[in-house]
Amino acid sequence: MSAEMIRVENLSRLYPATRKSAEVAALKQVDIAVGAGEIYGVIGRSGAGKSTLLRMINALERPTSGRVIVDGVDMSRLDGKALRAERRKIGMIFQHFNLLSSRTAYRNIALPLEFAGVDSAAIESRVQNLLDLVGLSDKRDRYPAELSGGQKQRVGIARALASEPKVLLSDEATSALDPETTRSILSLLAEINRRLGVTILLITHEMEVIKEICHRVGVMEEGALIEEGDVHEVVTRPKTTTARSFLGALAGGEIPAGLAARLRPDSDSGNEIALRLRFSGPRATEPILSRLTSEMGIEVAVLQAQVDEIGGRPFGTMIIVVSSAALADGLAEAFLANHGVSTERLGHVA
């Protein structure tokens, strides 16, 4: 991995008990390292600690224990002028845009530069370049009420880039947008990452966001980081139940409802077995099943098939039904394993 841009070390955040609630551990000894120029995604359900983690990174909240280091600086040790200076290296993209309704797109983007005391000529140049970058040059003088949701988010992204940050934090930036607009915003963020080299840490509960642009992903549950790794590996070989529930559907992990209703654990329920096959890399496009039929004489019924691309690499899944007898000696599954195909028995088909 490239040089680290963000390091979270043994980070915990406890909210003390009150008369109305018990003590809450929002973060529990979280360790994360994000390389310079990387797009790192954090996925988890509501209450998993994702937003608390983000607020720790830009020091909007202080940790109970542990530390956050951004570009070599321990954020938890800063305050006052020094903290404000370091925060200018961190841009923030919000779920609900957080634009000022009384300011045009241009003036919303200019706002952090005005706060920093940048002269008007430099502001003009910088803001116009950012409007060009996010594709809103023709919306320069429009107010937020005159912009679509996607356009508002583009203004928000441009504003986050105004101070030329080294890090962009994205707080569910696409969850308020429709699928088509979400794809365009993700494409823009990927382009910004490529062109500017900015490190992006995003939190989301949307599996498609992780798939589309992230290089690595961390899975959070109840304040803890329970799984982490390369996006392709985590999605195609999730180790935890939470990861499987969030990421499995990206790779065809969901069993069709009609089949699920017919699956039984015991052999007395039927003489057919449903298998889920997983293909990765070049194997995802090879005719493995036709070889299984021609070389081993096994008849196969295909119920579901999908080939996708995750982390820039092809990945395929298939749900098939074969006779119990065909699997009795284990040779069919061994044949598939020798061809790089993993198998999972889903159950007997009633």
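Predicted model: local features only at pLDDT ≥ 70, side-chain atom pairs only at ≥ 80, totals over all residues.
**Exercise 1. Describe the largest pocket: what is its volume, and which residues lie nearest its centre?**

Solution. 
Step 1. Start with the space itself. The volume of the largest pocket is about 630 Å³.
Step 2. Turn to the lining. It consists of 18 residues, and those nearest the centre are R87, R88, I90, M92 and P112.
Step 3. At least two lining residues come from each of α2 (80-87), β6 (90-93), α3 (105-115) and α5 (149-161).
Step 4. Sort the lining by class. Ten residues are nonpolar, four are polar and four are charged.

**Exercise 2. How many cavities of 30 Å³ or more does the structure hold, and what lines the largest cavity?**

Solution. 
Step 1. Recall the idea behind the search. Empty space is found by rolling a probe the size of a water molecule over the atoms.
Step 2. Count. There are three cavities of 30 Å³ or more.
Step 3. Take the largest cavity, which holds about 50 Å³ of space. Its lining is made of S170, E172, A173, T174, L186, L189, L202, I203, T204, E206 and V209.
Step 4. Assign the lining to elements. Two or more residues come from α6 (179-196) and likewise from β8 (199-204). The element that gives the most is β8, with three residues.
Step 5. Sort by class. The lining of the largest cavity has six nonpolar, three polar and two charged residues.

**Exercise 3. Is helix α1 largely enclosed or largely open, and why?**

Solution. 
Step 1. Set the cut-off: a residue is buried when its relative accessible area is under 20%.
Step 2. List the residues of α1 that pass. They are K50, T52, L53, L54, M56 and I57.
Step 3. Helix α1 covers residues 50-57, and six of its eight residues are buried, so the rest of the structure largely encloses it.
Step 4. Look at what follows the helix. After α1 comes A59, with a positive phi near 60°.

**Exercise 4. Where do R103 and E114 lie, and how do they count by accessibility?**

Solution. 
Step 1. Note the contact. The side chains of R103 and E114 form a salt bridge, 2.8 Å from N to O.
Step 2. Locate the partners. R103 is in the loop between β6 and α3, and E114 is in helix α3, so the pair ties together parts eleven residues apart in sequence.
Step 3. Apply the cut-offs. R103 has 11% relative accessibility and therefore counts as buried. E114, at 36%, counts as partly exposed.

**Exercise 5. Which residues are linked with E9 in a network, and how many salt bridges are there in the structure?**

Solution. 
Step 1. Follow the network. Salt bridges link E9 with R67, D74 and R77.

Definitions and conventions:
Residues numbered from 1 in each chain as written. Heavy atoms only, no water. 1 Å grid on protein atoms, 1.4 Å probe; cavity = no way out; pocket = protein on both sides within 12 Å on 5 of 7 lines; lining within 4 Å. Points joined across faces, edges and corners; volume = space filled by probe spheres on them. Helix = DSSP H or I, 4+ residues; strand = E, 2+ residues; numbered from the N terminus. Nonpolar A, V, L, I, M, F, W, Y, C, P; charged D, E, K, R; others polar. Buried < 20%, exposed > 50% of the residue type's maximum accessible area, 1.4 Å probe, protein only. Salt bridge = Lys/Arg side-chain N within 4 Å of Asp/Glu carboxyl O.
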